[in-house]
Amino acid sequence: MIKSLRHRMKLSSYSALYIAAVLLISMTSHSAVAQDINTMQKQGRLELMAWVGDQPKSTDDGKSKADIPTFSVNEQVVLTIEVGTPRWFTGGTRIGNVEMADVIAKQRNTLATNYTARQNGETWSRQRWEITLYPQKSGDYVIPRLPVGVEVSADDGSKVSGTLYTQPIKFKTQLPSGLLTDETPWFSATSVDVVEQWKQSNDNLKVGDAITRTVTIKAQDSLSVLLPNLLVNESTAQYQAYPQPHKLNDTQERGDYRSERIEESVYVIQQGGDFTLPELTFQWWNTKEKRLETVVFESTSFSAKHTFNSFVKAYSAAMLVSVLIVIGIVVSVLAIRRYYKTHPAPRWLTFHRVVKEGNWPKIRGFVYRELRGNTSLLELDKCSASEGWSETNSAFQKGSQDTHVLKRVWKVVINKDSNNDPNRRSNRRPWWRKYFPKALPDLEQKSR
């Protein structure tokens, strides 16, 4: 009986050890399953979703449609990554970097958006992350699998951590307008605000003063590095331009992405007078209204006074030419006066003096003297056969001192060509002979 009792006790201890071993193995197995993050995802206790643009709609079987979204070049493409669990997050979620050719990726908000939602009768905790992408060229793009490190609470209360991977996401881009090319400087945004400011070092500008031009561009759903560079080194003879370092700023507030670019340039006036600072122009694609917009900063004119040094520097060449011209005129006048002190005055000047005196006999004698010396004629009516000459000659013979009559008579007399005169070999004279007569006018005729 004692042996039987001992045998039963021994069997009972074996059974207890077996049950304890089974429980231990079960607990160990359950703990191992709970500590595997991929197993939790397979069991539906952890979800990872990623998409670009609008959140894709789910079909009847709970799977999302695989439509490829299309965007404009330079348009802001939002990559959304969402993690959800019916438990709670026990640590921070870590998103891998997005590295793609011809794409600028920026995670502006380092904090996730946390919220809860009811799903299959349970309350799920969710974290949503957003990464903004800016494709620079037209074409097809694929966002590679991104690692997402998460840490959540398991059903048994333990902490489970690991790394999940998103599925590759496809999208494509194209130029939004035929007026644009990949080489055209432009950007995309939903709205743009611009401000231009001017500041002068003095109200009354003069050479050496400065004008500061500040241009501010604010864009929504864009990136500051994509906004155009407007104020470049555009120096001229009137001013010297000194562009200042640009100020770039990108912010995010409640899902609104805003970019700001501030440019400033200082123009130092080099010359006096009026000058104009040029207009500035840039284009942007309105992704909200689907149209191409053009922004123009109007040109502005200024006027600056000269200093003595700047005046001399600006007009030194003109002043030198003017001085040389004045010197030449003075020398010429003195030379002419000296010449005519020993030579007879030009005929036109002598005739002008005679007419001015108003002495009719002297005028008449001067005209006939010129007529005979120039043409060998003795009568004025034979000087010209043109229409109206008879009336002009008649008025002159009657003693008219009308300026028009005298000028016409004088013109006909001095221009009379006597080539038809057989007694003279030639009556042609050089043009300068009209104004500078021979010192001995009768010498030629006497030699004949």
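Ile327 is partly exposed, with a relative accessible area of 46%. This residue belongs to helix α3, which covers residues 308-340. Together with Leu320, Val323, Leu324 and Val331, Ile327 makes a nonpolar surface patch of about 470 Å². The model described here is a predicted one.

## The chain as a whole

The protein chain has 448 residues, and 33% of them are buried. Its secondary structure consists of eight helices and 21 strands. The accessible surface comes to about 28700 Å², and carbon and sulfur atoms account for 52% of that surface. How far apart in sequence are the residues that touch? Of the contacts between residues at least 6 apart in sequence, 70% join residues at least 24 apart.

## Salt bridges

Side chains of opposite charge can pair when their charged atoms come close. The structure holds 11 salt bridges.

| Pair | N to O distance |
|---|---|
| Arg45 and Glu122 | 3.5 Å |
| Glu47 and Arg126 | 3.1 Å |
| Glu260 and Lys218 | 3.8 Å |

Arg45 and Glu122 form a salt bridge. This pair links distant parts of the chain, 77 residues apart: Arg45 sits in the loop between α2 (37-42) and β1 (47-52), while Glu122 is in strand β7 (residues 122-135).

A second salt bridge joins the side chains of Glu47 and Arg126. Glu47 is in strand β1 and Arg126 is in strand β7, so this pair ties together parts of the chain that are 79 residues apart in sequence. Are these two residues buried or partly exposed? Glu47 has a relative accessibility of 23% and so counts as partly exposed. Arg126, in contrast, is buried, with a relative accessible area of 7%; the cut-off for a buried residue is under 20%. Both residues also belong to a network of salt bridges that links Glu47, Glu82, Arg126 and Arg128.

Glu260 and Lys218 meet in another salt bridge. Here too the pair links distant parts of the chain, with Glu260 in strand β17 (residues 256-269) and Lys218 in strand β14 (residues 210-220), 42 residues apart. Glu260 is partly exposed at a relative accessible area of 21%. Lys218 is likewise partly exposed, with a value of 42%.

Strands of a sheet pair through backbone hydrogen bonds, either parallel or antiparallel. Pro147 stands opposite Tyr165 of β10.

Arg145 lies in the loop between β8 (139-143) and β9. Its relative accessible area is 48%, so Arg145 is partly exposed. Which residues does Arg145 touch, leaving aside its neighbours within four places in sequence? The contacts are with Tyr165, Thr166, Gln167 and Pro168. Arg145 and Tyr165 are 20 residues apart in sequence, yet their C-alpha atoms are 5.8 Å apart in space.

## Helix α4 and its two faces

An α-helix has 3.6 residues a turn, so residues three or four places apart point the same way. Helix α4 (residues 347-357) has the buried residues Arg347, Phe351 and Val354. Seen down the axis of α4, these buried residues fall within an arc of 60°, so they line one face of the helix. What does the face turned away from the buried side carry? That face of α4 carries the exposed residues Lys356 and Glu357. Just after α4 comes Gly358, which takes a positive phi of about 75°.

Notes:
Residues are numbered from 1 along each chain as its sequence is written. This is a predicted model: local features need pLDDT of at least 70, side-chain atom pairs count only at pLDDT 80 or more; totals for chains, interfaces and linings use all residues. Side-chain values use heavy atoms; hydrogens and water are left out. Patches are made of residues with over 30% relative accessible area and no salt bridge: like charges are joined within 9 Å, nonpolar side chains (Val, Leu, Ile, Met, Phe, Trp, Tyr) within 5 Å. Accessible areas come from the Shrake-Rupley method with a 1.4 Å probe; for residues, only the protein chains shown count as cover. A salt bridge is a side-chain nitrogen of Lys or Arg within 4 Å of a carboxyl oxygen of Asp or Glu. Helices (H or I, at least four residues) and strands (E, at least two) are DSSP runs, numbered from the N terminus. Buried means under 20% relative accessible area, exposed over 50%, partly exposed in between (1.4 Å probe, protein chains only). Contact means heavy atoms within 4.5 Å. Two strands pair if DSSP finds at least two bridges between them. The arc is that of the directions from the helix axis to the C-beta atoms.
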